[in-house]
Amino acid sequence: MKLLISALEPSSNLHLKEVLKHTHDVELMGIFDKSLGEPLYDISEMAIMGVVDAIKKLRWFFKIADEMVELAKDADKVLLMDSSGFNLPLAKKLKAKYPQKEIIYYILPQIWASRPKRAKKLEQYCDRLLGILPFEVAYYPQRKAEYIGHPLLDEIQVTHKVDSDTIAFMPGSRKSEISRLLPIFKEVRKKFSEKKALLIIPAGFSNEKIASWYGDISMFEISRNTHSALAQSEFAFICSGTATLEAALIGTPFTLSYIAKKIDFFIGTKLLGIKQVGLANIILTQYNDTTLHNEILQEQVTVDNLIKEYYNTDREIFAKKAEELRTYLGHGSSENVAKLIMDK
């Protein structure tokens with residue numbers, strides 16, 4: 001089977017690797033991590049830094065989409081993953097050119113957070129919509145979407161060690177996040193000088209990038225393995241992102257800290273009506289109208305407030321809510337996605 005892939009994000013490629021473990025005789029084409037084969041473009045070429053960079057590369061992205069459409073003529077099926085800014089227009093082009101070719105969209109856009117009208121387009125251009133959050137399938141009026149499970153339940157192989165004197169710090173993966181949060185995290189670390197402190201850095205970061213973005217981090221031990229580091233930590237201070245859900249599923253108590261640009265925060269909260277930042281909180285609220293952790297945002301992200309979070313977080317309640325979250329998500333997704341790919 002020849003499978004056209006469009007997986008632009010590092011996280012999508014981690015999920016793709018899990019899916020491929022359950023397939024056989026599949027030849028990959030398209031955009032994916034070069035560790036998986038010979039892509040048309042490696043994901044490192046697709047990275048953009050901010051709106052200005054995106055505008056500069058817009059014509060280039062159109063060219064790539066046309067190349068993907070041409071490549072698709074030899075594909076048996078198409079698998080699009082996340083990255084709706086690129087993949088949704090690509091799906092439209094593919095369906096127009098090859099109306100009979102099956103297009104599968106795995107890791108759906110967060111239409112429940114913003115731009116819900118994309119649901120209609122997704123159902124128009126795609127044949128199978130595979131959701132990783134149980135509640136999101138209800139946002140698709142034609143009921144084309146189905147809950148397939150969550151990939152993190154396949155990928156997380158560790159559980160939280162309760163007896164620990166280690167604290168983890170995750171200031172994010174974007175330069176802007178790190179520059180805003182890390183100075184505060186460094187001051188928090190000084191307040192826990194008797195404890196071991198792990199600074200979790202994305203595995204793909206080069207030494208040059210670390211030196212440029214992080215500055216002096218001699219007060220931390222460095223970890224490149226998120227799951228292992230979270231499992232051995234008694235508590236974690238985490239920037240918003242997938243890491244909050246990873247910590248929740250591992251069972252490590254944490255608090256979310258996030259500082260956005262003021263204009264972005266205004267747009268998100270006042271114009272888009274976003275009330276929660278943490279994915280675990282969003283999921284639990286949909287499930288049973290409860291939350292897992294506190295969210296410390298904007299001016300509230302101070303050293304004193306974060307230290308209070310460490311001492312005031314009820315570990316027993318956190319463990320109970322984390323288990324409710326796991327129960328709601330139910331099972332992994334990788335094998336189910338693989339079966340749909342291999343189904344003739």
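Cysteine 239 has serine 257, in β12, as its bridge partner. That contact belongs to the pairing of strand β11 (residues 235–239) with strand β12 (residues 254–258), two parallel strands joined by 4 bridges. Bear in mind throughout that this is a predicted model.

Let's zoom out from there. Strands β11 and β12 sit in an open sheet of 6 strands with parallel pairing, in the order β10-β9-β8-β11-β12-β13. Its edges are β10 (221–223) and β13 (295–297), each of which pairs on one side only. Going from one strand to the next, the twist averages 25°.

Now for another sheet. Which order do its 7 strands take? The order is β3-β2-β1-β4-β5-β6-β7, again an open sheet with parallel pairing. Here the edge strands are β3 (41–42) and β7 (145–147), and each has pairing on one side only.

Strand β1 (residues 2–7) runs parallel to β4, with 5 bridges between them, and leucine 4 finds its bridge partner in valine 78 of β4. Valine 78 also has a bridge partner in β5, namely isoleucine 103. To get from β4 to β5 the chain goes through helix α4 (residues 84–97), making a right-handed β-α-β crossover.

How much of strand β5 (residues 102–106) is covered? Most of it: 4 of its 5 residues are buried. As a reminder on strands in general, side chains in a regular one alternate between the two faces of the sheet.

On to β6. Tyrosine 106 has leucine 130 of β6 as its bridge partner, while isoleucine 104 stands opposite arginine 128 in β6. The chain makes its way from β5 to β6 through helix α5 (residues 118–125), and this β-α-β crossover is right-handed too. Strand β6 then pairs with β7, where tyrosine 147 stands opposite glycine 131.

| Strand pair | Bridges |
|---|---|
| β1 (residues 2–7) and β4 | 5 bridges |
| β4 (residues 77–81) and β5 | 5 bridges |
| β5 and β6 (residues 128–131) | 3 bridges |
| β6 and β7 | 3 bridges |
| β11 (residues 235–239) and β12 (residues 254–258) | 4 bridges |

Next, the pocket. A probe the size of a water molecule, rolled over the atoms, shows where empty space is left. The second largest pocket holds about 290 Å³ of space. Its lining counts 15 residues, and those nearest the centre are His160, Val162, Ile250, Gly251 and Ala319. The elements that give two or more residues to this lining are α10 (242–250) and α14 (315–329). Which of the elements gives the most to the lining? That's α14, with 6 residues.

Histidine 227 and isoleucine 250 are 23 residues apart in sequence, yet their C-alpha atoms are 7.5 Å apart in space. Histidine 227 is part of helix α9 (residues 226–231). Is histidine 227 buried or exposed? It counts as buried, because its relative accessibility is 15% and the cut-off for buried is under 20%.

Where does aspartate 165 lie? You'll find it in the loop between α6 (152–155) and β8 (166–170). With a relative accessibility of 44%, aspartate 165 counts as partly exposed, because that label covers values between 20% and 50%. Aspartate 165 and serine 193 are separated by 28 residues in sequence and by 11 Å in space, C-alpha to C-alpha.

Methods
Residues are numbered from 1 along each chain as its sequence is written. This is a predicted model: local features need pLDDT of at least 70, side-chain atom pairs count only at pLDDT 80 or more; totals for chains, interfaces and linings use all residues. Side-chain values use heavy atoms; hydrogens and water are left out. Buried means under 20% relative accessible area, exposed over 50%, partly exposed in between (1.4 Å probe, protein chains only). Two strands pair if DSSP finds at least two bridges between them. A crossover is right-handed if, with the strands pointing away from the viewer, the path from the first strand over the helix to the second runs clockwise. On a 1 Å grid over the protein atoms alone, a cavity is a set of points where a 1.4 Å probe fits but cannot get out, and a pocket is an open set with protein on both sides within 12 Å along at least five of seven lines; lining residues have an atom within 4 Å of a point. Grid points are joined across faces, edges and corners, and a volume is the space filled by probe spheres set on the points. Axes are lines fitted to C-alpha atoms, for helices over the stretch in contact, and angles run from 0 to 180 degrees between N-to-C directions.
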